[in-house]
Amino acid sequence: MQPGSLWACRHCDTVHVAAEVEPGGMATCTCCGYVLYRRSRFSLTFWSALTLTALIVFLIANTYPLARIGMLGKTLDTTFVGALWLMWNDGHYLLATMTGLVGFWFPLTQLCFLAWALRCICRRRLPADFKYAMRIYDKVGPWSMVPVLMLAIIVAIVKFAGLATLEAKAGIWAFGVLTFMLTALSRLDSRRIWQYAEEAGVAPIAHDRGFPAEQLMACESCGYVQPAYENGLPCERCEALLHKRKPNMQTRVWAFLLAAAIVYIPANVLPMMEIRSALGNSNHTILGGVVELWRLGSWDLAIIVFVASVVVPITKLAALVVLLTARRWRGDLTQRQRTRLYELVEFIGQWSMLDVFVVVLMGAMANFPGLSQIIAGPAAASFGMVVVLTMLAAMSYDPRTGWDQKRRASGGITSNDRR
């Protein structure tokens, strides 16, 4: 971040003048306490090397088998891509599409765009399509769910360990390494990439032009603060459409929440998967899977699955309802608590996909026709839709509207609107 440039808080819209930050340090909003920006200890070259390494590890993780499963003299090598293909061939098109996007295509897109963007900045030349690539990168980031997939691999292996012999292969270790790499690279969101471009002198910097705070808008994609007198104008830097607040916020969030609540009923009532074996068939719901893990002695994984599949979706729904219905200004402390609540909803959003990944993986691990098969149930696709709808609801919510209550209560722009 260039000292003296303008920076707007994403949670309360307070405009700040950027200050110098030591390596490893961060700057926080003076109004709501949200982290505005960080300064990395590592150079751009390091991040470029890490991204290219992550791409190689990604290819290994999805090419090499996760595990070799043996049952009554038969062996089977399982890959995540193979599990997706099996789901597609079985007619579970929605399930295969959802898990394929968030587990394979979106992480791959994220890594490719990041590697390309860092290379452009290192060469100190931004091509004309750089701004469009960064807008796509910004949208793809929240949907990249490799850490959730890694946890699902562990859960699936523990569930299947008592039914057959398992041998860990290179793919599972690659996914473990990739999880840590993508967690580190998640710090490089689109705004951080644009900061590197500013520091390299190849992107315009948002300087204070003397406009009042109420006439300034911050681009949701690149963070560029600029004067704008009406919604729908293109950003001066990346050409994304500008909005002072997210349009039709209340209507959109309520619509997504209502749809998620409706789909959540069959997701819990209908079977998540069907187990077919020589001894007969049995159906398992989400809670049934938790009970099975507990009986196997994996109480820690049972708790994780219960939290991810039951507690997290209900928490997201309840938290967003609370945020939508809290319309009275009750002071800075209360609004900061609401802001932290929204941060929690953003953080836990993707972890509900855990059980959906588990079903897809176990379907591939138990693919021994005549001996053992696991078929995805109708609840799997329903639960995946719950995750998608609740994430869309959280993305549609605008936490800045809560702080607008303070501005209205004080009769306009407060003294905190530029610091």
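Reader: Does Glu 20 count as buried or exposed, and at what relative accessibility?

Author: This is a predicted model, and in it Glu 20 counts as exposed because its relative accessibility is 53%, where the cut-off for that word is over 50%.

Reader: Which residue does Glu 20 form a salt bridge with, and how far apart are the closest N and O atoms?

Author: The partner of Glu 20 is Arg 39, with the closest N and O atoms 2.9 Å apart. The pair links distant parts of the chain, since Glu 20 sits in the loop between β2 and β3 (26-28) while Arg 39 sits in the loop between β4 (35-38) and α1 (44-63), 19 residues apart. Arg 39, at 35% relative accessibility, counts as partly exposed.

Reader: How many salt bridges does the count come to, and which residues are joined into one network?

Author: The count comes to twelve salt bridges. One of them brings together the side chains of Glu 198 and Arg 237, at 2.6 Å from N to O; Glu 198 lies in helix α7 (residues 190-199) and Arg 237 in the loop between β9 and α8, so this pair ties together parts that are 39 residues apart in sequence. Both Glu 198 and Arg 237 are buried. As for the network, salt bridges that share partners join Asp 13, Lys 244, Arg 245 and Asp 404.

Reader: Where in the chain do Asp 13 and Lys 244 lie?

Author: Asp 13 is in the loop between β1 (6-8) and β2 (15-17), and Lys 244 is in the loop between β9 (225-227) and α8 (249-269), 231 residues apart. Their salt bridge has its closest N and O atoms 3.6 Å apart, and Asp 13 counts as buried because its relative accessibility is 8%.

Notes:
Residues are numbered from 1 along each chain as its sequence is written. This is a predicted model: local features need pLDDT of at least 70, side-chain atom pairs count only at pLDDT 80 or more; totals for chains, interfaces and linings use all residues. Side-chain values use heavy atoms; hydrogens and water are left out. A salt bridge is a side-chain nitrogen of Lys or Arg within 4 Å of a carboxyl oxygen of Asp or Glu. Helices (H or I, at least four residues) and strands (E, at least two) are DSSP runs, numbered from the N terminus. Buried means under 20% relative accessible area, exposed over 50%, partly exposed in between (1.4 Å probe, protein chains only).
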